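Open the model in your viewer and keep the selection panel at hand.

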Amino acid sequence: MAELREVANLLDGAKVTEEELQTALQALLFHQCLYEDWPYPPAYRLIVRHFATVQSIVRAFGYRLVNHAVAGMVVLEADGVVYGVHMARLKKDETIALLILRLLYAEGISSLDERGRVHSNTDDIYDRLRTAGEEPPAMARLMEILKGFQRKGLVRLGEHDPEEKILQLQIMPGITVLVPDVYVEAVILWLEQRAFGEEADAQQPATDSMFAHLADYRANLGAEPVESSDMADEADAQDDPNA
């Protein structure tokens with residue numbers, strides 16, 4: 001198998017140990033977004049240094065590896081249908097929180113730091129949820145959701161002020177890849193169809209509550225610093241109409 005030959009060549013000729021390669025690949029699979037400074041810089045460096053070889057390895061598993069050099073980021077994307085896509089769907093509150101983070105990133109495009117990250121906090125998330133008419137989750141639940149997104153490299157959690165009950169965070173550029181414009185537009189269109197379709201009466205309150213922030217998001221489409229592509233399986237909504 002060509003991919004196995006690539007592994008053998010890498011181990012034999014590039015002074016990379018089997019453990020180093022396994023660790024880098026496992027970090028890539030676990031986090032999906034790796035950055036030059038976080039969460040595991042050695043994996044990022046090895047993958048970038050041997051990008052073509054690693055790219056051919058993950059391609060055998062139905063994934064695409066993309067290097068966004070400006071953002072100092074490599075992203076593992078699902079290239080077509082993968083096993084477990086239905087089991088990996090997000091819950092409703094997770095999906096809404098993810099869309100809010102995506103909106104906050106689009107709104108903060110003019111204030112990106114040198115690594116393409118937007119600085120925010122949990123108050124910003126709560127404010128957006130309330131503006132949209134959504135009932136914000138308890139802080140413990142929001143923290144659970146954010147930790148899940150952190151594992152995927154979508155956010156990076158910072159300092160927590162227990163007195164003010166506020167958590168600082170960075171919204172990472174990987175969110176533009178795993179939650180691309182085409183996905184958010186599909187959600188908007190689906191919500192509009194539900195709002196004005198045959199089931200409008202039953203779904204109208206929930207749908208209207210989403211329009212406020214999704215309309216704002218739509219106004220910010222196309223402002224991303226990195227090229228968007230097909231979303232990964234973890235960005236599927238629980239109520240995906242195409243499931």
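Across the whole of this predicted model, a search finds 10 salt bridges. Start by selecting glutamate 77 and arginine 64, whose side chains meet in a salt bridge at 3.4 Å, N to O. The pair links distant parts of the chain, with glutamate 77 in strand 3 and arginine 64 in strand 2 (residues 63-68), 13 residues apart. Glutamate 77 is buried at a relative accessible area of 1%, whereas arginine 64 is partly exposed at 26%.

Next, select arginine 130 and aspartate 127. Both are in helix 6, 3 residues apart, about one turn of the helix, and their side chains form a salt bridge of 3.8 Å, N to O. Arginine 130 counts as exposed, with 51% relative accessibility; aspartate 127, at 45%, counts as partly exposed.

Arginine 141 is buried, at 17% relative accessible area.

Now select Glu36, Asp37, Arg115, Arg117 and Arg156 together; salt bridges that share partners join them into one network. Centre on arginine 117, in the loop between helix 5 and strand 4 (118-121). Is this arginine buried or exposed? Arginine 117 is buried, because its relative accessibility is 1%, under the 20% cut-off. Its side chain makes a polar contact of 2.7 Å with that of aspartate 37. Leaving out residues up to four places away in sequence, arginine 117 also touches other residues, including Tyr35, Tyr105, Arg156 and Gln170.

Move on to helix 5 (92-107). Its 16 residues reach 23 Å from first C-alpha to last, close to the expected 22 Å. Helix 5 is largely enclosed by the rest of the structure, because 13 of its 16 residues are buried.

Then show the largest nonpolar core, of 36 residues; Leu98, Leu101, Ile125, Leu146, Phe149, Ile171 and Ile175 have the most contacts inside it. Among the elements giving two or more residues to this core are strand 3 (73-78), helix 6 (122-131) and helix 7 (139-151). Helix 5 supplies the largest share, 8 residues. Select phenylalanine 149: beyond four places in sequence, its contacts include Leu90, Glu94, Ala97, Leu98 and Leu101.

Finally, zoom out to the protein chain, which has 10 helices and 6 strands. Of its 243 residues, 47% count as buried.

Methods: Residues numbered from 1 in each chain as written. Predicted model: local features only at pLDDT ≥ 70, side-chain atom pairs only at ≥ 80, totals over all residues. Heavy atoms only, no water. Core = buried A, V, L, I, M, F, W, Y, C linked by side-chain atoms within 4.5 Å. Buried < 20%, exposed > 50% of the residue type's maximum accessible area, 1.4 Å probe, protein only. Helix = DSSP H or I, 4+ residues; strand = E, 2+ residues; numbered from the N terminus. Contact = heavy atoms within 4.5 Å. Expected span 1.5 Å × (residues − 1). Polar contact = N/O pair within 3.5 Å; in protein donor to acceptor, adjacent residues only side chain to side chain. Salt bridge = Lys/Arg side-chain N within 4 Å of Asp/Glu carboxyl O.
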